[in-house]
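Have the sequence and the 3D view open side by side, and find each spot as you read.

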Amino acid sequence: MALYSAAAAVLEGLERGGGLRDLVYNSGFPHIRQLYALVSETLRYSPVLEELLAGAALLQAEKKLPPQLAKVLVYDLLFGKGLKCGGRWKALARRHRARLEAELARLKVRQKVSSNEELLAPAQAASPGASQVPRYVRVNTLKTCVEDVIDFFKRQGYSYLGKAASVEDLRALSGKKFLLDLHLPELLVFPPQTDFHDNLLYTSGHIILQDKASCLPAFLLSPAAGSHVIDACAAPGNKTSHLAAILKNKGQIFAFDVDTKRLATMNTMLMRAGVTSFQLAQQDFLTVDPRDPKYSKVTCILLDPSCSGSGMVNRLPREEAAPSAQRLQALAGFQRKALSHALSFPALQRLVYSTCSLHQEENEDVVHAVLQEQGSAFRLVNAFPAWPCRGLATFPSAGCCLRASPADTLTQGFFMAVLERGGDTAAPRVLPAAEEEPEPQPAPRKRKKQRVK
């Protein structure tokens, strides 16, 4: 019941003018992505749900059922994965299932449509794009390895198809089939909407449910084991746990966020993932002193600052309108300050700047402005040449930047830039092409890491 109650509380908060991400992160619910997805989809179907509730007279028949909770329950009953929890409210919703299904059938007849998606207005049906984005599963190498996870899923009835050769292979996934990603060596790919929140591998921290684009920043930063690294705007912690896996828990990660509840959720997530080499601080990154001896060995920084979030495929029409020019200007101003501040750490050698925004103002324009301020101190790296989508050609080296989108890369919308300190001592390190990564072959062998059975 906790999931449905939390989702209903977020919907009530939105009616009072709250922001979706803040409400979700501050909810205290442990599975942030699961909650965010349920609220997003409930909101997307909101006009349809209101018609169904009115036509079936559910709220009149069940006067103690809160309206927002009713929406969440009916969404999951008719359009989602089916009610998996909910106690007495679950039983209540199921008592009215026949009436609700009949009302849904009548609504389709009235609107002359045959599918649920066709009930949505064009903007609602097209905006999320989530239906085409696969489920990405990052193997947490702090606890297990790719071969063991593949074996585990095969024992659960999934069919492993090997390493993908193209994005089209990912697009064609269906049923209980999965692939190894063609770009990232520890990323498995399943059909869209595959739900692993109750899977043992997820609840034990052996896998992380993380979009492919969100995995790229840590992969591009690629700190050597033993490095000191800053994750400047760290919550909810997926990128931090990825950094720790790349570091093999050797070295130190300094992670910052200003929100207490987000940090508490992040700490729980990192502990479940087996991360040990980290220090969390409730602090605005802009107030961190680069000259503090604590950070004298920081050579790598991952900077993923607050942004418009316009690249998130499950953005909601009513909750997140396109940001105004004034809003974009304010965000870009903050992002420039954060990037300039990050580059002032004296031992810094490599930085990844990323956003989940599609707007040039928050991406290429920020990177270009800060590089101009820095002169020859830092330069863009043409990292990951195998990646197909590059930065907008707004300045000469913008093609070194990376972009991602649902249409082109089957991911959330993202932007990334890799900066390295200039001079002879900091030659750019180009990451290996994806095809150079060997495909794992599941085979039994003795390992030190914990094996999930």
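1. Start with the place where two helices meet. S46, L49, E50, L52 and L53 in helix 4 touch A70, K71, V74, Y75 and L78 in helix 6. Sorted by class, this contact has seven nonpolar, one polar and two charged residues. Keep in mind as you look that the model is predicted.

2. How do these two helices cross? Helix 4 covers residues 46-56 and helix 6 covers residues 67-78, and they pack at an angle of about 100° with their axes 10 Å apart. Angles of 65 to 115 degrees count as roughly perpendicular, so that is the label for helix 4 and helix 6. If you look at the spacing of the contact residues, here is a handy rule: an α-helix has 3.6 residues a turn, so residues three or four places apart point the same way.

3. Now zoom in on K71, which sits in helix 6. Is K71 buried or exposed? K71 counts as buried, because its relative accessibility is 9% and the cut-off for buried is under 20%. Leaving aside residues up to four places away in sequence, K71 touches T42, S46, L49, E50 and L53.

4. Helix 4 has another partner to check. Helix 3 (residues 32-44) packs against helix 4 at an angle of about 70°, with the axes 5 Å apart. Helix 3 and helix 4 are therefore roughly perpendicular to each other. On the helix 3 side the contact uses T42, L43 and R44, and on the helix 4 side S46, P47 and L49. By class, that makes three nonpolar, two polar and one charged residues.

5. Next, the cores. The largest nonpolar core has 52 residues, and L170, L216, L220 and F384 touch the most other members. Helix 13 (residues 212-221) gives the most to this core, with seven residues. There is also a second, separate core of 45 residues, which includes A7, L11, V74 and L78.

6. Which ones? They are V146, E147, D148, V149, I150, D151, F152 and F153. The cover over these buried residues includes strand 1 (135-139), strand 2 (159-163), strand 3 (177-180), strand 4 (187-190), helix 12 (200-203) and strand 5 (207-209). Just after helix 10, G157 takes a positive phi of about 100°.

7. A few backbone spots are worth a second look. As background, most residues other than glycine have a negative phi, and most peptide bonds are trans. S222 has a positive phi, near 45°, and lies in the loop between helix 13 and strand 6. S222 is partly exposed, with a relative accessible area of 24%. L410 also has a positive phi, near 55°, and is found in the loop between helix 18 (406-409) and strand 13 (414-421). L410 counts as buried, at 0% relative accessibility. Then there is the peptide bond from A235 to P236, which is cis, with omega near 10°. P236 belongs to the loop between strand 6 (228-231) and helix 14 (238-247).

8. P385 is in the loop between strand 11 (378-380) and strand 12 (402-404), and it is partly exposed, with a relative accessible area of 48%. P385 and L402 are 17 residues apart along the chain, and their C-alpha atoms are separated by 9.3 Å. A98, in helix 8 (residues 97-111), counts as exposed at 58% relative accessibility.

9. Finally, step back to the whole chain. It has 18 helices and 13 strands, and 55% of its 453 residues count as buried. Among contacts with a separation of 6 or more, 72% come from residues 24 or more positions apart. The chain exposes about 19,200 Å², and carbon and sulfur atoms supply 52% of that area.

Key
Residues numbered from 1 in each chain as written. Predicted model: local features only at pLDDT ≥ 70, side-chain atom pairs only at ≥ 80, totals over all residues. Heavy atoms only, no water. Helix = DSSP H or I, 4+ residues; strand = E, 2+ residues; numbered from the N terminus. Buried < 20%, exposed > 50% of the residue type's maximum accessible area, 1.4 Å probe, protein only. Contact = heavy atoms within 4.5 Å. Areas by Shrake-Rupley, 256 points an atom, 1.4 Å probe, with all protein chains shown as cover. Axes fitted to C-alpha atoms, helices over the stretch in contact; angles between N-to-C directions. Parallel < 35°, antiparallel > 145°, perpendicular 65-115°, else oblique. Nonpolar A, V, L, I, M, F, W, Y, C, P; charged D, E, K, R; others polar. Core = buried A, V, L, I, M, F, W, Y, C linked by side-chain atoms within 4.5 Å.
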